[in-house]
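Please look over this complex chain by chain, then at how the chains meet.

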Amino acid sequence: MESLGNKLSTLLAIAWLLPLFGFVVEVFAMSWPNANRKSKAAAYFAIFCIGFGFVCSSIAFYEWGEGTDWAAFKAVDHGHSEVANAAEHGEHAATGHDDHEHKAATHETPKRTVFSGTFYNLAQFGNLKLSLDYYIDSLTLAMFVMVTLIATCIHIFATGYMAEELVDDYVDHQVHTHDGGHFHRPGRFYKFFSYMSLFCFAMLGLVLAGNIFQVFIFWELVGICSYLLIGFYVERHSASTAANKAFIVNRVGDFGFIIGLMILWTSFGTFSFDDQHEVDGNVNKVTAGLFTMVRGHDGHLDRSSDGQTVLLKNEQDVNGEWHVRKESDPGRKTITYTLLIVAGLGVFGGCVGKSAQFPLQTWLPDAMEGPTPVSALVHSATMVAAGVYLAGRFYPMFVPEVLLTIAYVGCITAFVGATIAIVATDIKKVLAYSTISQLGYMMLGLGVGGWGAGLFHLVTHACFKSLMFLCSGSVIAGCHHEQEMTKMGGLLRKMPITALTMLVGVMAIAGLAIPGTSIAFSGYHSKDAILATALAYTKLNPIHFLLFLVPLLTAGITSFYMFRLWFYTFLGKPRDQHLHEHVHESPWEMTGPLLLLAVLAAGCAIGGEDGKLFKMLTFSEPVGVGQGVDGAAAHTVSLPGHAAIHASHSTAGSAALLAAFIGMSISYLVYGKGVINPADIKRQAASVHAFLANKWGFDDLYDVMFVKPAHVVAKFAAAIDKFVFDEILHTFVRMGIAVSKWDRKFDEGVIDGIVNLMGNSTYSLGISLRNVQTGKIRQYVTFIAVSVVTLFVLLFALYPKG
Amino acid sequence: MTAEIILFWLFAFLTCAGAIMVAASQNVVRMAFSLVLTLGSTAVLFLLLGADFVGATQLLVYVGGTLVLLVFGVMLTATGPFTRIKSSPADAILSGLIGVVFLFIVASTVTAVNWDGENGIDQKIAMGAHAKAVEGGFNPTQQGNTTRPLGLSFLSLRADRDLKLDLPKESSAETNTAPVVPGVSVVMPGVMPPPKSPVPLSTGYLLPFEIVSVHLLVVLVGAAYLARTKRRATT
Amino acid sequence: MQPTPDKFLFISAVLFVCGVVCMTTKRNGIGILMGVELVLNAANLNFITFSRFTPLGLDGQVFSLFVIVLAAAEAAVALAIALNFYNNHLTIDVDRGDELHG
């Protein structure tokens, strides 16, 4: 196991650091001799780096599978083959399903394999150790393979999409200069790829991170990459504003993140996820990591008798199991339950900002100002999913109250995003709101206890959403940077590959499947998993029934607006004839990735919850999730176990499929067939449309709540500065000037007078003494002789008797 | 009146007369001749004072070397009309006045000291331990024969001080001291064993001797450089 | 029987005063040099006298030797200077060399 850990960490470290190397090389690309803005070398180098990273990740995956004997895939599905153990899992029986579906998950689940360790120790302040760690489990591996694969596809796509930057003089038609012309600048092809490489490095570092502080470092690094890439067309006012907005809104979430970090450090004394092994001489010292302290080996939360304090397990017995220290032990650590909630909410606050969750979702649509490959990679597939990833990674630290918050935030986000997407007409904006909505889905899945479901959706969503963004990029490139769907239409014949691959993506996100068979698009499986979990959750906690109904409704809406987008763009008659005539299919380096991603989008989740992807992800599910949590015991809510979730599958699955078909049908009727005129609906529900088109008024609300007050405060501060501090300073300066004037008079009159007097007297004395210097030697000798005689005479006169 | 006294008075007179002539004469050549007279007489006075080596050196270096050099200077510079350069009578009177006062002061200082009397400087005390002659040829200064002690002093050996040579009657640990120089042992024939403790030695003149040697060399080069043939300034 | 030291010292004083007078009156550069020699000889005579009549002993003679040597050196250099002076001014009259007056 030791050697396997070393092998994995080395392979993943190579995959992680290669893009950094690529970034360093590319960022100096224009300094090379023979540098040429028309060369695609930077792109090829970036593709090599990330592609080699994909190879390394795949090898790591294979090695991991061989090393663990493919235990993950052999894992028996908990729902089918388990012998009932009602005594141990009584709460599942309460759901009313027959016994053979329940099982003691802990007994049968293969042991989670986690490889953790330290690459490099950055610094140590007292007990606070800041280091570059790694934490490798099946989730890490799945993320690595997914991120590197999608990033490779998008890099290849970008070589075609960004080809217009391969000029020495790029004319930006969206920026107008004062004299009415367009803005000219050198092409920035290599710069784009250097940013992309830096982003890949940061994203992979985030996934590989072994402690929460390291996560924070790379969290901020992906943030700055996002900032740079959104602002790629920095001369466009909208782009620079959007970059600022994304960065500032994320700061709000990171503020919570930092609060969470401080609480964690104060209470736990470590940032590390996993236990830390230190070899101190011959003694092998093991320090408990965060997860161990909270959950121990069985996922159980130890609380004091009044339930106000959580006892941390930081003592290891001879069997390697962790226990709470005795009360008399000075090393005993505790944390109040409230503080643990606050810490969880704080870290989740960071996820809210990064994953564009309600109420910080406003930055993501604006971020579509960046080039389309950026939207595909950063703002749909990977970076925004990092929030979900962190919530999943940090899952053991979340108590059910926090999970409830997560669920509601996700639920609201999903609904809000979906509704706005209905009225959006910009093709990328539709996809952006769709992304927000789907990220809400993932959060919801995590919040209702579906750890595997949320992350399952993360992976499938990454596939089909990056596909759709790339398709939209292909459309935009084909339509000469026209993004308004109202000007498109009938593009199916002009760009068939793009249209068909887009259709695959649309069907995947809508979650279509053939009823009665196991043939389904990936979105169906992951959404089904989430909805099943939500259904099981509402069965346990009937008061939270909205957590099932709203996502179900959202599933229908999703299907509706995605097909709306497809019908609008590819079917019907061309709305802008001039534009339509110049449309062309994209070159192979753009369509190739589309085809590959289409295959992935359709089939990556084959088998659903019995499929390899889901099994692989749930292999590293935190301990204790499988049994669920009985709310009656200590918590305000209960969480469903695997068995309960499985029981809800058929119901939730058919409901979701039904919703999707309804949404698709309505969409076909309205936009495909034209039975109902959308303009009529728009007129009849004008206020609703305006409300949605105004994005639920969030931007206006924030403007009134934060921006305007900030301006008022700033003006007030400026006034204080100007009229108080400046005045004080001016008074001081005036006083200084007055004093200087007096000082000058004193200087000129007295000091200079004294000095001049001395100088003049010395000068006149010198003039008079000058006459003595005759230059005649004999005279000098005479002087000497006279002087000696005089001295002797004086001597005799003063000391007559010797 | 011994011959010594007669000689003294004779050469004292010659010395003074020569010096006055040097001061009074206006002719450079005569001055040079008078200087020869003065310096030669001084050398005889040195001999009378027991400084035989210094007297000889005075004759050789001064009279034979330096003065010849001066005469050369006279010949090279004081050609024709410039042989006599008269000084003004006012200068002469002023200088003479100063000279007389100066001489008066010095002479009164010299005569004010009582060299022989009860309260004056006691010659015998002043002569100290060097009053007696010793076997081996090391005479006190008073008895002349100073060549060897001088030569040794230039080698940093102070035979006149460190060899306490005494009368045979005196015998004590003190008188048995022999000069002990680290690394060098001077063993005089028929002299006593080494002392029990080293005796601090007087300082010699080796280093000044070396410095003067180098100095002479530098002066030689410098003088040659200064006096080399140059183009004359155009008149 | 020897002459007493005060007689020698008086002769030395006469030599010294003559030297000083020589230096103050002679306009001839060579004459000034001769004055210097007289003064040095006066000093030498003093050294030898005290060497004879006081515990100064051999040190006085050594010093007078050094004086003789340095006087010779000084004479050489001074003569060279006088020659240069003569070359530059076409005379040996030191009163003509007053370029450094104030």
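## Chain C

What percentage of the 102 residues in chain C do buried residues make up? The share is 63%. This value, like the others here, comes from a predicted model.

Chain C has three helices and zero strands. Its order from the N terminus is α-α-α. Take the contacts in chain C between residues at least 6 apart in sequence: 45% of them join residues at least 24 apart.

## Chain A

Chain A has 802 residues, and 47% of them count as buried. It holds 29 helices and 10 strands. Among its contacts with a separation of 6 or more, 75% come from residues 24 or more positions apart.

## A helix pair in chain A

Helix α15 of chain A covers residues 383-393, and helix α18 of chain A covers residues 451-478. They pack with their axes 10 Å apart, at an angle of about 155°. Angles over 145 degrees count as roughly antiparallel, so α15(A) is roughly antiparallel to α18(A). The crossing of the two, α15(A) and α18(A), is left-handed.

Which residues of α15(A) meet α18(A)? They are Ala385(A), Val388(A), Tyr389(A) and Gly392(A). Their partners in α18(A) are Trp451(A), Gly454(A), Leu455(A), Leu458(A) and Ala462(A). By class, this contact of α15(A) with α18(A) has seven nonpolar residues, two polar and no charged.

## Chain B against chain C

How many residues of chain B are in contact with chain C? The number is 78, and they touch 67 residues of chain C.

Several helices of chain B each supply at least two residues of this side. They are α1 (3-24), α2 (28-48), α3 (52-77), α4 (89-112), α5 (123-127), α6 (147-154) and α8 (206-226). The largest share comes from α3(B), with 13 residues. By class, the side of chain B that touches chain C has 46 nonpolar, 26 polar and six charged residues.

## Chain B against chain A

Here the contact takes five residues from chain B and five residues from chain A. How does the chain B side divide by class? Four residues are nonpolar, one is polar and none is charged.

## Recap

Two contacts of chain B have been described. With chain C, 78 residues of chain B take part. With chain A, five residues of chain B do. Within chain A, the α15(A) and α18(A) pair is roughly antiparallel, and its contact has no charged residues.

Conventions: Residues numbered from 1 in each chain as written. Chains lettered and ligands numbered in written order. Predicted model: local features only at pLDDT ≥ 70, side-chain atom pairs only at ≥ 80, totals over all residues. Contact = placed C-beta atoms within 7 Å. Helix = DSSP H or I, 4+ residues; strand = E, 2+ residues; numbered from the N terminus. Nonpolar A, V, L, I, M, F, W, Y, C, P; charged D, E, K, R; others polar. Axes fitted to C-alpha atoms, helices over the stretch in contact; angles between N-to-C directions. Parallel < 35°, antiparallel > 145°, perpendicular 65-115°, else oblique. Left-handed = near helix turned anticlockwise from the far one by under 90°. Buried ≥ 20, exposed ≤ 12 C-beta atoms within 10 Å, placed from the backbone.
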